[in-house]
Amino acid sequence: MYLSVDDWEWVYERMVPIITAFNNKHGFHLYGIAEEFRVLTYQFNQCIGMHADYFHSDPSKITFIAQLSEQHEYTGGEQELLNIETPTLKAGDVIVYPSY
């Protein structure tokens, strides 16, 4: 699912400053958001195996995970990021990292 700016302006208002700060700190040379934010939801026993978020057909530079629910509301759902220690997230927490 994609979040349109018009329908989800409050999400963009909160995320764009975080993404901009990450961009400025790490020099990704981003000058705007090229596409709408993507939202992934999972069903019971569904998961995505290890993968990279960067593909030639989808040259994303920055990935972020925004925790939308409290951890006690579900089981599983742990993030495993290569070479990054992943903290336990609470609702409202955000992790930003390079997509490659």
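Modeller: Strands here are DSSP runs of at least two E residues, numbered from the N terminus, and in this predicted model Gln67 sits in the loop that joins strand S3 (62–66) to strand S4 (94–98).

Colleague: Why is Gln67 called buried?

Modeller: The relative accessibility of Gln67 is 13%, and buried means under 20%, so Gln67 counts as buried.

Colleague: Which residues does Gln67 touch, not counting those up to four places away in sequence?

Modeller: With that exclusion, Gln67 touches Tyr74, Leu89, Lys90, Ala91, Gly92 and Asp93.

Colleague: What makes Glu70 partly exposed rather than buried or exposed?

Modeller: Glu70 also lies in the loop between S3 and S4, but its relative accessible area is 31%; because buried requires under 20% and exposed over 50%, the value falls in between, and Glu70 is therefore partly exposed.

Colleague: How do you know that Glu70 is in contact with Lys90?

Modeller: Contact means heavy atoms within 4.5 Å, and Glu70 meets that criterion with Lys90 and Ala91, its neighbours within four places in sequence being left aside. The separation of 5.6 Å between Glu70 and Lys90, which are 20 residues apart along the chain, refers to their C-alpha atoms.

Colleague: What makes up the largest nonpolar core?

Modeller: That core has 11 residues, among them Leu3, Ile19, Phe37, Ile62 and Val96, and its largest share, five residues, comes from helix H1 (residues 9–26). A second, separate core of five residues includes Ile65, Leu81, Leu89 and Tyr97.

Methods. Residues numbered from 1 in each chain as written. Predicted model: local features only at pLDDT ≥ 70, side-chain atom pairs only at ≥ 80, totals over all residues. Heavy atoms only, no water. Helix = DSSP H or I, 4+ residues; strand = E, 2+ residues; numbered from the N terminus. Buried < 20%, exposed > 50% of the residue type's maximum accessible area, 1.4 Å probe, protein only. Core = buried A, V, L, I, M, F, W, Y, C linked by side-chain atoms within 4.5 Å.
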